[in-house]
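User: Hi! I am new to protein structures and would like to learn how to read one. Could you walk me through a few features?

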Amino acid sequence: MWNIPGLFGSVSVAFGTIWWSQQKTESNPITSSLVQVLFRHGARTPLKSIPDVMEAQWAPSLLEAPPYTHINYVVTDLKGGPQPRSPLEDNYRKNILSGGSFAGQLTTLGMQQLYELGETLRKKYIEETPLLSPTFSSTEVYVRSTNIVRTIESAKCLIAGLFKQKQKDIVSILTEEAESEILYPNYHGCKLLKVLSHPRWAKLSTLPGIAEDLQSILSALGVAAHQHVDFILIRDDMVAREAHGLPSPLVLSSWRNKVEERAVDMMCSLYKPNKREALQLSVGPLFHVLLENIEKKLQDNSAEANRKLFLYSAHDTTLIPCLMALEIFDMKWPPYAASITLELHKSRQTGDAFVKLSYIGQDQHIPGCSGVYCPLQEFKQVLSAYSLSSERYNSRCNNKRKH
């Protein structure tokens, strides 16, 4: 892993963690003033089926929305105008799976998973710590999603679970034009990222070890040599079937762990330390927004400062580079409804600000931070290695000399 400025020695890290744990519970309690949650959508239909094998039957009945997930909501652009067109969603709807459902659609199971994530947030931030009102209010909660149906519906279901369908206002789910999306690595909107990543994607299945394993599993599955299949595609179809109790080719069961391992290896090879620029272009604008939300909260002089919860509905391909940039990726593919949570805390005695980050409910000690409760300046230093303002991001993306 690469070095990050501000990295402390193991002794100071251990001491800092113990000290803040004691201070939090004893003489210097801290209060939470802002929460930001970046989460993956719930279980869905596969993006593509493995060709030449027994297909699962994805019936439309698997996509029915439970009544308890219904809320009054509207989807807009970032300024409150009409929802932009979604080229990605258009492509999904050109692919009808066996059984009649479209590819990449949130299922009833996925809706339930996000509803339960909302219930978890309710327990923590309404019942145990009264940060939020028990009824949805647009002045308290900001909701943004990628402009894809499964993430929009995931955001809706989370809100339903968080507020038990109680709302003072219509829930506005904000979306962005595909060319300007920052909630996933945008290979179409950022020309430089495409230039950097396209050759790597093409070579992923030819890397030593991966190539041999891929050939073996494709042979075992009976997939024709001309089919464009890699471990990420195999994993996507395999996991979707497993989640919904649908049958898979028997040979996949013996390959399951290897498929998981190699799919992660493929993603990691895109963002190795010597490929830092691609990682920065993938997460930089999002990191900048997360830091900007914190700064506005601390300045307390804008409408945004009244917000207590920011929700970002995104993808596994959002979480993986974020976790890698923070050096806390556990080499496991983020499951459906996985979430990264950032809490902003302030000391009641000193007024000092701290950030606590958790992943799937587990507090994380970020390298470069002197404890789980990371002093804000240290946290900003960690993110500064990757954070990019929109101006710098757009300048880098469209730099013709680099292309």
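This is a predicted model: local features need pLDDT of at least 70, side-chain atom pairs count only at pLDDT 80 or more; totals for chains, interfaces and linings use all residues.

User: How far apart are the end C-alpha atoms of helix 3, and what span should its residues give?

Analyst: The expected span is 1.5 Å times one less than the number of residues. Helix 3 covers residues 108–128, so its 21 residues should span 30 Å; the end C-alpha atoms are 29 Å apart, which agrees.

User: Which residues of helix 3 are buried?

Analyst: Buried means under 20% relative accessible area, exposed over 50%, and partly exposed in between, using a 1.4 Å probe and protein chains only. The buried residues of helix 3 include Gly110, Met111, Leu114 and Tyr115. Arg122, where the helix bends, is also on the buried list.

User: Where is the kink in helix 9?

Analyst: Look at valine 283: helix 9 (residues 276–299) has a kink of about 45° there, shortly before proline 285. Just after helix 9, aspartate 300 has a positive phi of about 55°.

User: How many cavities of 30 Å³ or more does the structure hold?

Analyst: Rolling a probe the size of a water molecule over the atoms shows where empty space is left. On a 1 Å grid over the protein atoms alone, a cavity is a set of points where a 1.4 Å probe fits but cannot get out, while a pocket is an open set with protein on both sides within 12 Å along at least five of seven lines; lining residues have an atom within 4 Å of a point. Grid points are joined across faces, edges and corners, and a volume is the space filled by probe spheres set on the points. Here there are 2 cavities of 30 Å³ or more.

User: Which element gives the most to the lining of the largest cavity?

Analyst: That is strand 1, with 3 residues. Ala, Val, Leu, Ile, Met, Phe, Trp, Tyr, Cys and Pro count as nonpolar, Asp, Glu, Lys and Arg as charged, and the others, Gly among them, as polar. By that scheme, this lining has 11 nonpolar residues, 1 polar and no charged. Leu326 is one of the lining residues.

User: Is leucine 326 buried or exposed?

Analyst: Leucine 326 has 4% relative accessibility, so it counts as buried. It is in the loop between helix 10 (316–325) and strand 6. Contact means heavy atoms within 4.5 Å; leaving aside neighbours within four places in sequence, the contacts of leucine 326 include Phe287 and Leu357.

User: What is the volume of the largest pocket?

Analyst: Its volume is about 1400 Å³. The pocket is lined by 35 residues, with Leu47, Leu88, Tyr92, Trp201 and Thr317 nearest its centre.

Terms used. Residues are numbered from 1 along each chain as its sequence is written. Side-chain values use heavy atoms; hydrogens and water are left out. Helices (H or I, at least four residues) and strands (E, at least two) are DSSP runs, numbered from the N terminus. The bend at a residue is the angle between axes fitted to the seven residues ending there and the seven starting there.
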